[in-house]
Amino acid sequence: MDENTSLLLPLHGGTQDSVHRSVSFRTQITSIFTLKNMFILLGPLLCAVICVCVKLEGPSPTISRNMLGVLAWVFAWWLTEAVPMPITSMSPLFLFPIFGIAAADDVASSYMDDVISLVLGSFILALAVEHYNIHKRLALNITLLFCGDPLQPKLLLLGICATTAFVSMWMHNVAAAVMMMPVATGILQRLPTGRGESSVVSKFCKAVVLGVTYSAAIGGMSTLTGTGVNLILVGMWKSYFPAADPISFNTWFFFGFPMAFLLFFALWGILCFLYCPRGCGDTLSAYLDKTHLKRELDLLGPMAFAEKMVLAVFSMLIVLWMTRSITDDIPGWGALFNDRVGDGTVSVMMATLLFIIPNKKQGEKLMDWNKCKKLPWNIVLLLGAGFAIADGVRTSGLADVLSKTLGFLGKAPYLAIAPSVCIISGMITEFTSNNATTTLLIPLLIQIAETIKVHPLLLMIPGAVGAQFAFLLPTGTPSNIVGFTTGHIEITDMLKTGVPLKIVGTIVLSVLMPTLGVLVFVNTMEY
C-alpha cells in the first residue's frame, strides 16, 4: 500500500461518516416535522393564542377565556385525530384543573354519569346478543323481509333504518343505536371486506351504518320519551309557565311524528343518492341471495334457552325504560322510588342479571367477565369528555357569553328567527351534549319570545329540536360514536350526509312550526 492510498483511507472514512450523519440528521428532522406532529402542536397553539389575544366579558372572564382555549385544543385534536381519540377524551382530566376551570374530582365525576351507566349496561347486553348470535338471527329475518327478490338494496336500507327509528321512538337514542348496530353489522358481515371489498360494497356498508346512526336520532324526536331533550323542553315549559297546560305525550306526538317522518325519508333519500348507485343490487345480490339467506336461517335452528333468556332480559329492559317516567299525568314506576333511579340504573341492573341467570350448562351463567373484554371503553371516555366539557362550559361562564350572542334575534321577524334558532342550536350541539345545549338556550329563547311577542313554544321547540340535529361530528351525540366506532365510516362520510340532512331538518322545522306547530300547541294553550 503506497503512501497516497494510506492517506486517502482516513479521509474516505471521514467523508462516509459525515454523509451518514447528514442523512441521519435529515431523517430525524423529517420524522419530527410531520403533518401529524404539526396537528399535535396545533391544539396547544390555538389554546395559547386564545388565552393571550381573546378578551371576554362576564363574571369570570379569565376562566371563560381559558375554557374557550381548552375547547379549541381538544377539538383540534379530535378533528385531526393527531392523538388517538380516546386519549384526547381524557385530556380534560388534566387541562381543566391546570387552567383553573374545575377541580380534579369534579372533572373525574363527569366520566361516570347515569348515561355512561346506561351505555355500559347496554353494551354488556349487546355483547350477550352478539355472543349468542341473536343479532345474526334478527339480521337474517330483517334482510329476508326487506331485501326483495331480486335484491333491492334501497328497500333493504329502508327496512333497517325504519326498524331503528321505530325502536328509538320508545327507548333512549343511544340504547337504540347500541341495539340495532350489531343487527346492521350482522348483515354487513356477509359482504366481503378488506382487499376483496369493492366500492359498491364499501358504499352500502357506509349507508347502513349512517342509516342506523341517524335513524336512532330521528326516531327519538317523535315521542316525549324518545330523547332527554324533549323531556327537558317539557320540564322547562312547566317550570316557566306553571299556569299553562302541560305538554302531553299525545300533543308532542301530533307534532313530533310528522316532523320525524319527513326527516326520515329525507335521510333515506340522501343515503340512496350518495351510497346506492344504479346497478348496486347486481353486485350485492351475490352475497345477499334470498335462497341462501333462508338456508342460513334454517341452519341456526330453533332458539336455545340462552337466546330466549337474553331476549327476555333485553325485552324487560326496554319495557322498564319505556315505563320509568311516562308523562306528568301518568307517572311511571320510577315514582315508586321518588324518581331516584335513572335509565342507567335499570341498564346496569338488567346487565347484572346476565351474570346470575344460569345457561343450562354446568356451572355456567349467561355471561361472564371474559365475554366482556370487548367492552368499548373508547366510547365511555368520549362520553365522559363530552359531559366534562358541557359542565365546564356552564360553570366557567362561557355559556353565558355564548348566550348573549343571540340577543340580535329580538329584532328579527319570526320567519327568520325559527331557522336562525335551529341553525345556531344545531351548531352548538356539535360541540356540547344535546341536553346541555337545550338547557343553555331555552331560558334565553323564552326571554326573546316575550320581547317580540310570540308564543314561547315557537322558539323553544326550534331550539330543542335543533339541539338534536347533531349530524356532523362523532362527538355530537353518543349514537354518532356508536356508528363511528364500527370502522365503516369516517368523519368525511358524516359531513357528506349530515350537512344536507341538517339543511333539510332546518327547512322542515321552519315550515312546520308556524303551521302545524301553531295548530297543535298555540291554539290549545294559554299561558
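Me: What should I know about the numbering and the model before we start?
Reply: Residues are numbered from 1 along each chain as its sequence is written, and side-chain values use heavy atoms, leaving out hydrogens and water. This is a predicted model in which totals for chains, interfaces and linings use all residues, side-chain atom pairs count only at pLDDT 80 or more, and local features need pLDDT of at least 70.

Me: How many helices and strands are in the chain?
Reply: Both kinds of element are DSSP runs numbered from the N terminus: helices are H or I runs of at least four residues, and strands are E runs of at least two. Counted that way, the chain has zero strands, and its helices number 24.

Me: What percentage of the residues in the chain is buried?
Reply: Buried means under 20% relative accessible area, with exposed over 50% and partly exposed in between, using a 1.4 Å probe and protein chains only. Of the 527 residues in the chain, the buried share is 51%.

Me: How do H9 and H10 lie relative to each other?
Reply: Axes are lines fitted to C-alpha atoms, for helices over the stretch in contact, and angles run from 0 to 180 degrees between N-to-C directions. The axes of H9 (residues 153-170) and H10 (residues 173-188) come within 9 Å and cross at roughly 155 degrees. Angles under 35 degrees count as roughly parallel, over 145 as roughly antiparallel, 65 to 115 as roughly perpendicular and the rest as oblique. H9 and H10 are therefore roughly antiparallel.

Me: What is the span between the end C-alpha atoms of H7?
Reply: The expected span of a helix is 1.5 Å times one less than its number of residues. H7 covers residues 114-131, so its 18 residues should span 26 Å, and the distance between its end C-alpha atoms agrees: 26 Å.

Me: How many residues of H7 are buried?
Reply: H7 is mostly covered. Of its 18 residues, the buried ones number 15.

Me: Which residues of H18 meet H7?
Reply: H7 and H18 (residues 377-395) pack at about 165 degrees with their axes 10 Å apart, and the pair is therefore roughly antiparallel. Contact means heavy atoms within 4.5 Å. From H7 come Val115, Ile116, Val119, Leu120 and Phe123, and they meet Trp377, Ile379, Val380, Leu383, Gly384 and Phe387.

Me: Is glutamate 307 buried or exposed?
Reply: Glutamate 307 lies in H16 (residues 305-323). Its relative accessibility is 9%, so glutamate 307 counts as buried.

Me: How many of the residues of H11 are buried?
Reply: H11 runs over residues 199-220. It is largely enclosed by the rest of the structure, because the buried count among its 22 residues is 19.

Me: What is the orientation of H11 and H24 to each other?
Reply: The axes of H11 and H24 (residues 491-520) come within 11 Å and cross at roughly 45 degrees. In their contact, Lys206, Leu210, Tyr214 and Ile218 of H11 meet Asp493, Met494, Thr497, Gly498 and Leu501 of H24. Given that angle, H11 and H24 are therefore oblique.
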